[in-house]
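I kept notes in the order I looked things up.

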Amino acid sequence: MAKFNKLIHQNIRLRIMAALTTLESTDEVDFTYLRDLLEVTDGNLGAHLRKLEEAGYIAINKPFVDRKPRSFACSTDEGRKVFKEHVAALESILKE
Amino acid sequence: MDISQTEAEEALDAIQSMAEKTRRSIAEGGTYITLILTGVIWLLGFMATQFLSTNIIGYIWGGLSILGTILGFVMGFRRSKQIRSPLTIQMVRRVGIFWLILVLFCLAVIFVAQPADGKRAVLLIILFIMLGQMAMGLLLSFSTVWWTLLIAGLALVGYFLFPDIFYLWMSILGGGGMIVFGLYIRSRW
């Protein structure tokens with residue numbers, strides 16, 4: 001169950017996953033909301049979101065809202081599972 | 001990958017603090033907007049009620065209420081665009097029905113009680129609004145309930161101890177207080 005995940009462990013990706021897994025599994029957040037919450041730049045957030053998306057841990061939807069393209073992110077079931085395992089791995093390190 | 005216990009502890013702290021920040025931003029995002037908006041309306045409306053003639057007051061409250069409702073809808077709509085959830089639409093519908101029923105109950109109580117003066121009617125309305133806000137706080141977030149008790153307490157103190165300056169009291173302490181709380185919550189996020 002406790003499985004350390006090198007990809008998730010990077011500070012910003014760790015915080016992205018913490019934020020997205022705090023929401024309901026059916027919720028998705030706007031890119032700018034996430035950027036403000038994490039206090040990172042557009043480019044930085046975009047790069048980390050791409051890595052998480054490529055790994056299948058998050059999903060990015062790009063609908064048109066008021067005729068403008070918007071990006072919404074949400075954690076996938078796989079993302080929630082590996083994040084939980086990563087947290088368990090961190091906790092087990094503390095118990096050693 | 002081998003990491004030290006300190007590094008693992010720091011990572012867990014970062015996760016916990018991010019999760020708390022997310023929960024707080026969801027819970028308090030709507031609260032600070034409601035507080036500031038209601039605060040501005042109370043500040044202007046009660047100030048006008050204290051100092052202006054009764055002919056104009058109705059128009060001022062009517063105008064402020066319409067403006068507040070429109071701004072509330074616009075801000076709520078903007079907020080809902082940040083977090084998309086299938087549960088949101090259902091929740092918004094239930095909240096709307098709740099407030100409609102509460103307004104009807106408030107009108108019924110005023111109709112039955114026949115308050116002797118405007119101040120008593122205003123006090124009843126304030127208590128009903130705070131009851132509604134408290135219910136919203138309890139349903140949506142426990143951290144945003146306490147201010148409703150404070151405002152209700154302020155209204156009761158003003159009504160019984162300072163009846164001559166009741167409207168001014170509610171304007172500055174009630175309206176002003178809500179604006180300050182709203183700004184405080186906003187800055188904390």
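Entry 1, chain A overall. I looked up burial first: 36% of the 96 residues of chain A count as buried. The model is a predicted one, and I read it as such. I then listed the secondary structure of chain A and got 5 helices and 5 strands. Read from the N terminus, the order is α-α-β-α-α-β-β-β-β-α. For contacts in chain A with a separation of 6 or more, 60% come from residues 24 or more positions apart.

Entry 2, the sheet. Which strands make up the open sheet, and in what order? I found 4 strands, ordered E2(A)-E5(A)-E1(A)-E1(B), with antiparallel pairing. E2 (58-61) of chain A and E1 of chain B are the edge strands; each has a single partner strand, so one side of each has no neighbour in the sheet. I noted 4 bridges between E2(A) and E5(A), which run antiparallel. Ile58(A) has Ser75(A) of E5(A) as its bridge partner.

E1 of chain A (residues 28-30) is joined to E1(B) by 2 bridges, and the two strands run antiparallel. The partner of Val29(A) in E1(B) is Ile83(B). I then took the whole interface: 22 residues of chain B are in contact with 25 residues of chain A. On the chain B side, the elements giving two or more residues are H1, strand E1 (83-84) and helix H3 (86-113). H1(B) gives the most, with 13 residues. By residue type I have 12 nonpolar, 5 polar and 5 charged on that side of chain B.

Leaving aside neighbours within four places in sequence, I listed the contacts of Ile58(A); among them are Leu20(A), Leu49(A), Leu52(A), Ala73(A) and Cys74(A). Ser75(A), the bridge partner noted above, is also in contact with Ile58(A).

Definitions and conventions. Residues are numbered from 1 along each chain as its sequence is written. Chains are lettered from A and ligands numbered from 1 in the order in which they are written. This is a predicted model: local features need pLDDT of at least 70, side-chain atom pairs count only at pLDDT 80 or more; totals for chains, interfaces and linings use all residues. Two residues are in contact if their C-beta atoms, placed from the backbone, lie within 7 Å. Ala, Val, Leu, Ile, Met, Phe, Trp, Tyr, Cys and Pro count as nonpolar, Asp, Glu, Lys and Arg as charged, and the others, Gly among them, as polar. Two strands pair if DSSP finds at least two bridges between them. A residue is buried if 20 or more other C-beta atoms lie within 10 Å of its own, exposed if 12 or fewer, and partly exposed in between; C-beta atoms are placed from the backbone.
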